[in-house]
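Subject: Structure for you to look at

Hello,

Here is the structure I said I would pass on. Please open it first, then read the notes below with it on screen.

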Amino acid sequence: MLRRALGLLPRPIAAARARSFSTDLPAAHTADATFMEAWNKVMPNMDPPKTPLSFMHPRPPTPSSIPPKLTVNFVLPYASELSTKEVDMVIVPATTGQMGFLPGHVATIAELKPGVLSVHEGSETTKYFVSSGFVFIHANSFADIIAVEAVPLDRIDANLVQKGLADFTQKLSSATTELEKAEAQIGIDVHSALNSALTG
Amino acid sequence: MASNAAVPFWRAAGMTYITYSNICANLVRNCLKEPYKTEALSREKVHFSISKWTDGKPEKPTLRSDSPEE
């Protein structure tokens, strides 16, 4: 009985190792065969409806050699700033510090703090100030940057930034509850990031 | 494993990530130069009507258009 149990044990482990992770599998792009058959039987003259999966472009597979460019999708809730733009490098303000991503970077998820995002393409750099968001780098050198608010640096008013910094520093010293202190601290963080974006 | 990891100060104060993110976005919008500032603030305006229900019947709805501050 024990020997049979031992015989059963390695099998599930081997099966688990053989199954690949869902992120490595290419998205199945083909229509479901049984559905097509059933549709053709009932409605042979009409095209079958498209499913959401057929509208979605499957993520390109990870190439075997490092691609020459990073493909960036930079989106905001109300607009798509950059859409599959090929660039050389992006530097993002992650909570752990400024992170630079080159093509071939390991897959990463990073949370952003208020700071400057710069996109480097050839000899030109485009800078945006992002309020907060996330960056997802995939193994195939695609980068998805999502931010709630992102503005080019020349749209920021330096006087309002200084005023805001002074206001919130004063609010921090007069804050009583934890929540007020946190809000004042956030204000200070954002305004000092805006300040260093304008001067740096 | 990392259940005692240092939480960000805003979460320790009881704020959620979404609230934090929205506050940051509002602060950035308030620091914009003129045509962009009014454009951004008007983009984020919400208009909604609230009607309270008492005894299973709705009362007259009130229209609110709160500016995006909380």
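Six residue pairs are in polar contact across the interface of chain A and chain B, with both residues of each pair at pLDDT 80 or more. That score is there because this is a predicted model. The side of chain A that touches chain B draws two or more residues from each of three elements: strand E8 (133–137), helix H5 (158–174) and helix H6 (178–199) of chain A. H6(A) gives the largest share, eleven residues. Sorted by type, this side of chain A has 15 nonpolar, six polar and eight charged residues.

The rule also finds two salt bridges across the interface of chain A and chain B. One of them joins the side chains of A:Glu149 and B:Arg43, at 3.8 Å from N to O. The cut-off is 4 Å between a side-chain nitrogen of Lys or Arg and a carboxyl oxygen of Asp or Glu, so this pair counts.

As for the extent of the contact, 29 residues of chain A and 22 residues of chain B take part. Together the two chains bury about 2200 Å², and 71% of that lies on carbon and sulfur atoms. On the chain A side, the residues that lose the most area to chain B are A:Glu149, A:Arg155 and A:Ile186, which together make up 26% of what that side buries.

With strand E5 (residues 108–112) of chain A it pairs in the antiparallel sense over five bridges; A:Gly133 in E8(A) is the bridge partner of A:Leu112. Five bridges also join E8(A) to strand E9 (residues 142–147) of chain A, again antiparallel, and here A:Phe134 has A:Ile146 in E9(A) as its bridge partner. E8(A) and E9(A) form a hairpin with four residues between them. In the turn, A:Ser141 has a positive phi of about 65°.

Last, chain A as a whole. Chain A has six helices and ten strands. Of its 200 residues, 31% count as buried. Among its contacts between residues at least 6 apart in sequence, 50% join residues at least 24 apart.

Regards

Definitions and conventions:
Residues are numbered from 1 along each chain as its sequence is written. Chains are lettered from A and ligands numbered from 1 in the order in which they are written. This is a predicted model: local features need pLDDT of at least 70, side-chain atom pairs count only at pLDDT 80 or more; totals for chains, interfaces and linings use all residues. Side-chain values use heavy atoms; hydrogens and water are left out. Contact means heavy atoms within 4.5 Å. Buried area is the accessible area (1.4 Å probe) that two parts lose on being put together, summed over both. A polar contact is a pair of N or O atoms within 3.5 Å; within protein, one must be able to donate a hydrogen and the other to accept it, and residues adjacent in sequence count only if both atoms are side-chain atoms. Ala, Val, Leu, Ile, Met, Phe, Trp, Tyr, Cys and Pro count as nonpolar, Asp, Glu, Lys and Arg as charged, and the others, Gly among them, as polar. Two strands pair if DSSP finds at least two bridges between them. Buried means under 20% relative accessible area, exposed over 50%, partly exposed in between (1.4 Å probe, protein chains only).
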